[in-house]
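Hello,

Here is the structure I promised to pass on. My notes on what turned up in it follow below.

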Amino acid sequence: FSNSGAGSSIFFPHYELDSKGTYISTGCEWMRQPNPINASLGPIGTDEEIARCHPKGTEVPTREFNPLERQWCQDQALNPGRVSTVGPYTSAFFSDKIWFLWSGRAVYDMVTNAFITCISVDINIDGVNKILEEVKVDKLGIATLVRNNDDGTVITSPKFDFDTAESPTTIDDQTLETGVDFETFDRIRSKVDFNQTWDPKNAADAYLETLSDAEGNHIISAYPIPSVPKEYDATYKPEFFVLFSLPKTKGLAPIIDKVNQKVDESVGNIVIFSVASGLIGFVIVILLIFATSSWLVEPLNWMHKVGEQVVGKFGEQGDASIDYERKKSLPCSPKTEFDNLVDEFSKIVSQFSGQGTSKRMRVDQTEKLNLFRFSSDFAALYRSRRDGDFAYNYSKSAPASDTAAAECSSIDRCHLGPNALASNSRSESLLDTNVRNRKVYRSPLFLWMVVFIVTPTLFTTVIISAVVSVEISKEIPSLIEPVKEEYYALCKAYRFTKTKILATKASGLAERSARDSHVLMRFASWLYFGGMETTGTFTELIEGAEDCKYQSECDWGKDLPCDCAWNDFVVRAKGGVCTEYSPTQSRYLQKVHFEGQSQDGLGNFPNTTDWWDNITVLPQSSAEAMSSRHGTTYDRVKILSALSTVFVPLYNYDKSDDKPVGIYIGLEADGVISGYRGCSYDFVTYPFWRSTKKNGAAKLRPELCPLQTYGYDPRCRGWYQDGRKKAKAGNGTLHITAPYIFAEGSVVGQSVTMPLVDPQNNNHIGQVLVDFLPTSTLKTLKKDNIKLAEGGFPIMITPESDVLDHDTIEAPGYSLKEGGKPVRDLLPPDDAFSTILQDMKAGKSGNKFFSSIIENSREKIHITFSPVVVRNYHPLNSSDIARGVGNETTLVYSLALVETTKGILKSFQSMNEFSSLR
């Protein structure tokens with residue numbers, strides 16, 4: 001507290017201060033700044049108040065501790081609109097070096113706007129480190145909590161030891177092995193500028209993106225603490241960042257190396273096979289070309305052979321050995337242009353065989369002189385050829401050679417052309433004109449070359465390509481398989497990690513209601529069992545069941561307050577009407593209710609039930625109850641009235657959609673129930689609540705709530721009986737129910753309950769109750785948020801079934817509006833799943849498989865499950881406020897993500913289709 005500048009403090013829990021310890025004062029000059037709530041009031045503190053502080057830099061004994069001289073209080077006072085955190089610092093109260101983190105908020109008078117006090121919650125750094133270790137889900141990465149300031153002060157890191165450190169370190173400390181330097185940290189801090197107007201969704205999405213360090217050696221993700229609010233808040237700014245660094249050498253690198261090794265091996269095999277196949281194909285093509293060439297040129301070889309014999313032996317005695325007849329050495333020789341040539345050649349050489357008209361003569365190597373000298377004597381004969389009556393003119397047409405074209409070198413040497421004229425019937429060539437004019441692509445030789453050389457070559461190439469392709473297609477699955485295995489292993493690890501993260505988040509959400517229940521239980525226990533003193537006054541309570549038992553629609557609560565600022569469930573989800581109040585006006589209008597039947601189990605109709613409607617008529621203390629604060633109805637209700645200072649603040653502090661629906665205490669002795677539910681005044685409908693087989697009331701307490709009788713009694717409800725039974729069995733103090741229909745009949749939710757047990761005699765006197773809706777948890781489990789494989793779905797169950805055997809919170813085809821169902825009725829029966837379900841209810845975690853019929857075919861299904869555990873505390877002795885609490889953990893849910901193996905591996909479908917072509 002300010003205490004006029006001198007400062008004063010209240011500590012809880014109490015501990016002895018080290019009177020020999022000291023701290024360094026930061027002074028109180030900050031109090032000269034204008035009042036941040038209302039600047040017209042002047043400075044925060046007066047000169048007299050500032051003068052009572054120790055000057056800045058003074059070493060002050062711990063026994064003179066003044067919170068105004070500490071940095072954490074200054075930060076709070078100058079920023080009253082937000083929660084401030086400071087640290088890590090060593091405590092001023094301990095001689096041992098213990099590092100703390102301070103978190104709190106300043107309190108200003110809501111009427112005068114004057115500064116009153118600073119609130120500080122001290123958190124041991126070791127405790128923060130344990131929390132990070134609990135939520136750490138990956139053994140490869142490093143989780144570090146860093147303050148959102150220019151220095152990037154490290155709050156906790158697995159690589160930094162505060163026990164030996166003289167001062168905190170910063171994020172650029174290389175020994176932390178985070179891969180984050182100031183440049184990378186600035187990139188994280190600048191993702192969203194909270195000094196400007198920002199969009200909640202875009203801000204939240206910005207922190208989903210990962211980044212790499214400057215060297216590209218780490219994959220880094222950052223999450224702001226506190227989380228980005230769902231609605232814009234001008235005062236919001238992250239106090240911390242949780243940085244998660246994953247070294248690539250420990251993450252994807254081993255997988256990549258394994259795949260690369262397999263790829264190199266497969267590529268080597270394919271290269272060897274391809275080279276071998278190419279060589280074999282090359283040899284085959286060469287052999288084909290050689291065989292085809294020999295086949296096609298066989299006629300030419302014969303002509304060459306015969307021609308050599310004719311030239312070399314003709315006219316000699318040995319020429320009789322010449323073989324003029326062609327004998328085919330190859331069967332089925334193709335017919336080409338060569339055959340025509342051979343035929344003509346055969347005709348020519350056949351004349352040299354002695355069967356034709358030619359006479360074989362020995363070749364004479366000497367030249368003979370032409371002694372013919374009668375050219376002048378025959379000149380007249382040559383000239384007479386020009387005469388028209390020339391006797392040997394065989395044609396009436398003109399001579400083939402014109403006279404003018406005659407070549408005459410002299411009178412004696414004149415060539416006048418041939419004697420025989422051209423004949424139209426005479427063949428121009430040995431070969432047919434069609435043969436000479438034939439196109440190349442129609443040539444038999446060309447076609448046979450195509451058939452016997454080109455086609456086999458192409459066919460061989462195609463065969464080699466096909467064989468190599470088949471071999472490659474065989475290798476592709478071997479390349480896919482390790483990738484597929486690693487992908488599936490990563491998917492399993494990712495799903496398991498995601499399940500643990502979702503379970504951790506669900507734990508945090510459940511802990512909020514458990515915390516509220518614990519606070520109410522602690523104060524109620526202190527008051528009921530003597531830990532705190534009480535006065536003789538009675539805080540006003542309201543009741544309405546007796547007035548409204550004659551009609552189901554009652555206007556009794558129509559004028560009671562309902563502030564829009566409360567964000568009440570009735571307004572938010574049921575369309576109720578609210579009123580805008582000033583910030584403090586509605587607080588004084590909020591009143592706690594109480595209801596209880598004056599007689600048990602006699603209500604055959606609503607109007608036959610009897611309810612307490614006047615505190616003065618409640619049974620009061622008797623001689624036997626004088627030693628107890630809870631001996632009579634009056635005593636118990638009096639304590640309930642005192643708890644108004646707890647009921648209402650627990651309802652008011654939370655303005656989110658996850659705030660409690662209602663806060664109550666139900667008592668064992670008489671079934672009285674008291675509490676607060678904001679804008680809902682449904683307690684006036686208690687006379688119309690009926691014991692039925694559906695709600696199981698008669699099964700739980702048949703003596704109190706016989707079947708078909710009217711009148712609400714908390715002792716006949718599952719939340720009360722299950723919590724009571726658990727506490728009596730010594731199985732912990734916290735119990736969270738499966739979803740069920742609340743007493744009003746239109747809301748399905750869950751309840752957190754804790755027992756009130758007298759430490760003097762261990763008697764159970766009642767149960768504390770906080771009703772809540774698992775809205776945020778169920779939103780987290782929506783498919784759009786968890787992004788499961790096709791056909792995947794989440795499951796969330798309670799470890800214990802209620803009296804109706806209900807245990808389901810989330811499952812396929814199920815909605816909370818249905819009121820509750822056993823999870824085994826929502827999934828196909830399977831022995832393996834039954835075993836997994838037992839593990840889930842036992843609080844185990846795992847990665848397992850089971851099978852189920854999906855769309856008329858049996859599918860292999862992968863399930864990852866993790867417990868949702870709430871850390872809770874039980875009082876050691878509620879009759880002594882100085883006694884502390886003991887730790888306990890309570891299994892409240894089991895969460896699972898379910899996917900088919902086929903759905904997980906759908907990314908490989910196209911590759912599998914390709915490989916199946918082989």
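Two strands count as paired if DSSP finds at least two bridges between them; strands (E, at least two residues) and helices (H or I, at least four) are DSSP runs, numbered from the N terminus. Before the findings, please note that this is a predicted model, where local features need pLDDT of at least 70, side-chain atom pairs count only at pLDDT 80 or more, and totals for chains, interfaces and linings use all residues. Residues are numbered from 1 along each chain as its sequence is written, and side-chain values use heavy atoms, leaving out hydrogens and water.

First, the sheet. Five strands form an open sheet in the order β7-β6-β10-β9-β8, with antiparallel pairing. At its edges lie β7 (154-156) and β8 (211-212), each pairing on one side only. Strands β9 (residues 218-225) and β10 (residues 240-247) are joined by 8 bridges in the antiparallel sense, and P224 sits opposite F241 in β10.

Next, the interior. A nonpolar core here is a set of buried Ala, Val, Leu, Ile, Met, Phe, Trp, Tyr and Cys residues joined through side-chain atoms within 4.5 Å; buried means under 20% relative accessible area, exposed over 50%, partly exposed in between (1.4 Å probe, protein chains only). The largest such core has 62 residues, and Y528, L643, I665, L756 and Y893 touch the most other members. Helix α11 (residues 444-529) gives the largest share, 11 residues. A second, separate core of 25 residues includes I542, C548, W689 and C716.

Finally, helix α2 (residues 71-78) has W72, C73, Q74, Q76 and A77 as its buried residues.

Best wishes
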